[in-house]
Amino acid sequence: MADNDPIISIRGLVTQFGDQVIHDHLDLDIFEGEIFGIVGGSGAGKSVLMGAILGLVPAKHGIIKVLGKRTGNLERIMKLHLQSHWGVLFQGGALFSSLTVGENIQIPMKDMEHMPDDLALEMALIKLKMVGLEEGDFYKYPSELSGGMVKRAALARALAIDPEILFLDEPTAGLDPISAAAFDELILTLRDSLKLTVVMVTHDLDSIRRLCDRLAVLVDKRAVIGTLQSLLNNKHPWIREYFHGVRGKAAMAGLME
Amino acid sequence: MAISTPKIEIFSKNEMVIFKPQGIWEASSANDVEKLCKNLLKNSLPPFVVFDLSELVEFDTSGIWLLDKTIQDIKKRGHQVEVKNASEAFLTLSSRLESYKPSFKHLPKPQTYIGKRIVELGKVSVNLAFLARDLISFLGQVVVGLFSSLLHPKKLRLISIVAHMERFGVNAIPIISVMSIALGLVLAYQGEEQLRRFGAEIYTINLVSISMLREVGILITAILIAGRTGSSITAQLGIMKINQEIDALNTLGLSPMDVLVIPRFLALILVMPLLAFVSDIAGLLGGGIMVFFSLDVSPQLYIHRVAEAVTLGGFWVGILKAPLFGAIIAIVSCFEGLRVEGTAESVGICTTRSVVEGIFLVTLADALLSIFFSKIGI
């Protein structure tokens with residue numbers, strides 16, 4: 001893989017549920033080390049797009065390549081052992097509720113990479129601190145955590161085996177502004193220190209401004225891709241409304257001409 | 001990318017040793033890396049140790065952590081350690097990890113085997129006592145809720161009661177009929193085998209009809225309903241609790257007792273005698289089929305003999321137990337459903353408990369009632 005090859009590349013992706021077409025020949029490239037945002041209206045297929053990359057949603061047509069390898073369905077992804085190259089933070093955290101936070105974080109280490117127990121314990125504690133939780137939270141159950149702590153614990157699990165790509169599904173949704181800002185900073189430092197590529201689905205205009213190097217806006221079943229600056233000047237009515245609406249204007253203040 | 005397995009190249013000079021880590025030092029090779037580092041510590045080392053990291057390019061937090069730990073251990077032994085040619089990325093990540101170093105302060109102390117068992121025994125006993133207390137207090141709440149519903153009949157949710165009666169009762173008729181016919185067949189077959197030895201095989205009909213109507217019909221109905229309906233009530237209420245639907249009801253000024261528990265309770269009480277009756281008839285039918293084929297007893301004669309054998313009292317003993325058993329199952333399953341806490345595992349635990357406790361309490365009540373009825377001579 002040459003340096004300028006995309007880490008994720010999608011060509012002509014078509015997904016549909018029954019008769020309802022979600023993506024119609026969508027193209028997308030994501031490059032190493034960038035924070036890539038996926039935005040769009042409710043029902044525009046943001047989470048479905050992420051699901052298609054992860055193999056959770058079957059694609060009807062099209063080619064999806066991750067790390068230069070063609071994926072498509074879960075079996076292929078399993079075979080390529082791609083799961084050890086990415087970590088996923090689901091919207092609700094999706095921590096296993098019958099396991100403690102510590103056990104949740106150790107699952108990828110022990111079951112995917114067969115790390116020795118004592119090392120897995122140390123690494124889980126490190127990851128826990130890395131995302132800003134206390135060592136005392138190690139033995140708590142997910143039901144004992146607040147919303148923000150669940151997101152952090154889920155992030156620790158996603159980072160457990162130092163993936164190259166981190167998928168975030170609405171990471172700051174449901175967090176208070178202070179926690180959300182702290183989460184943004186956390187993602188930035190992690191990207192810089194761990195050399196991560198981050199793919200995030202988000203609605204949070206502040207996060208977009210703070211974090212995203214490039215964005216894909218899902219409109220009309222396709223993706224409009226560009227930097228924030230270039231999208232601000234896009235003429236598409238939905239994109240204009242998104243960035244120039246009341247909330248958009250407030251969040252993007254100072255960026256616009 | 002030439003070497004992928006992690007290894008350490010070693011160069012020794014008189015008073016000094018140089019370690020050159022190579023290969024991939026990542027989570028996927030953590031097992032090998034840990035062994036490498038442990039082996040390094042096994043040997044005796046000269047006073048000066050140098051780590052040359054110029055060829056370490058592929059690493060992640062686990063690799064850095066293990067390397068840093070090894071370096072610290074060597075330093076602790078009084079050697080002088082120098083790290084050379086570390087990449088920018090290595091240094092930043094390494095300094096970051098330093099601040100995340102685990103202290104192991106909050107990890108609980110391991111208990112001895114016997115200590116653990118004693119603690120567990122205590123916990124189980126206390127929990128059992130609390131369970132009994134909570135169940136009795138829930139029974140009290142249901143009774144209070146029931147009276148307030150009867151005093152204000154408008155609060156009764158008729159549609160909900162009827163819908164539950166359909167789900168708990170009508171839909172259960174096929175399975176209960178099949179099970180009861182099978183039980184009737186089995187009872188008649190086994191009874192006939194034994195009674196034939198005394199030439200009293202015609203009393204098979206008495207055996208089947210009395211045991212079916214007094215005990216077996218209602219017991220099999222209660223066991224089936226505890227498994228079928230009790231588990232579904234518990235799972236449903238449990239998920240509703242996890243989804244905060246119970247909280248939502250409370251904030252809307254609706255009492256979960258009135259909306260959820262009382263309709264299920266009344267539906268089960270009303271439906272159980274009917275199901276017990278279905279089970280009785282099906283059981284008699286099964287017994288009739290058996291004696292028709294093996295004893296050549298005609299249907300008319302069978303009905304005649306059944307009518308002779310069974311007293312009205314015997315029939316009512318079975319039917320009257322039904323609402324009581326329905327009440328037990330409803331209270332236990334609603335109680336367990338509302339005890340679910342937060343996790344998916346808890347739904348499983350409470351559902352199991354609901355079925356087990358339901359069947360246990362029904363059987364216990366049946367035994368007590370048998371003694372009671374025989375004392376008063378029915």
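Chain B has a radius of gyration of 36 Å, whereas a compact globule of 378 residues would have one near 21 Å. The radius is taken over C-alpha atoms, and the globule rule is 2.2 Å times the number of residues to the power 0.38. This is a predicted model: local features need pLDDT of at least 70, side-chain atom pairs count only at pLDDT 80 or more, and totals for chains, interfaces and linings use all residues. Residues are numbered from 1 along each chain as its sequence is written, while chains are lettered from A and ligands numbered from 1 in the order in which they are written.

**Overall form of chain B**

- Along the principal axes, the C-alpha atoms of chain B fill a box of roughly 110 × 60 × 40 Å.
- The domain assignment gives domain 1 (7–99) and domain 2 (153–375) in chain B; such bounds come from an automatic or database assignment.
- The centres of these two domains of chain B, taken over C-alpha atoms, are separated by 70 Å.
- Chain B has 12 helices and six strands. Helices (H or I, at least four residues) and strands (E, at least two) are DSSP runs, numbered from the N terminus.
- Of the 378 residues of chain B, 32% count as buried. Buried means 20 or more other C-beta atoms within 10 Å of the residue's own; exposed means 12 or fewer, and partly exposed lies in between, with C-beta atoms placed from the backbone.
- Among contacts in chain B between residues at least 6 apart in sequence, 83% join residues at least 24 apart. A contact requires C-beta atoms, placed from the backbone, within 7 Å.

**The sheet of chain B**

- Four strands form an open sheet in the order S1-S2-S4-S6 (chain B), with mixed pairing. Strands pair if DSSP finds at least two bridges between them.
- Strand S1 (7–13) and strand S6 (80–84) of chain B are at the edges; each has a single partner strand, so one side of each is left without a neighbour in the sheet.
- Neighbouring strands of this sheet are turned by 20° against each other on average, direction ignored. Axes are lines fitted to C-alpha atoms, for helices over the stretch in contact, and angles run from 0 to 180 degrees between N-to-C directions.
- Helix H2 (residues 61–76) of chain B packs on the sheet and touches S2, strand S4 (48–52) and S6 of chain B. The direction of H2 makes about 150° with that of S6(B).
- S1(B) and strand S2 (residues 16–22) of chain B run antiparallel, joined by seven bridges. B:Lys13 stands opposite B:Met16 in S2(B).
- S2(B) and S4(B) pair in the parallel sense over four bridges, and B:Phe19 stands opposite B:Phe51 in S4(B).
- S4(B) and S6(B) run parallel, with five bridges. Here B:Asp52 stands opposite B:Lys84 in S6(B).
- The covered face of S4(B) has B:Val49 and B:Phe51; the uncovered one has B:Phe48, B:Val50 and B:Asp52.

**Contact between the chains**

- Chain A brings 24 residues to the contact and chain B 25 residues.
- Helix H4 (residues 117–130) of chain A gives the most to the side of chain A that touches chain B, with seven residues.

**Positive phi in chain A**

- A:Leu67 is not a glycine, yet has a positive phi of about 55°. A:Leu67 lies in the loop between strand S4 (61–66) and strand S5 (69–70) of chain A.
- A:Ala94, also not a glycine, has a positive phi of about 50°. The loop holding A:Ala94 runs between strand S6 (86–89) and helix H3 (101–112) of chain A.

Definitions and conventions. Contact = placed C-beta atoms within 7 Å.
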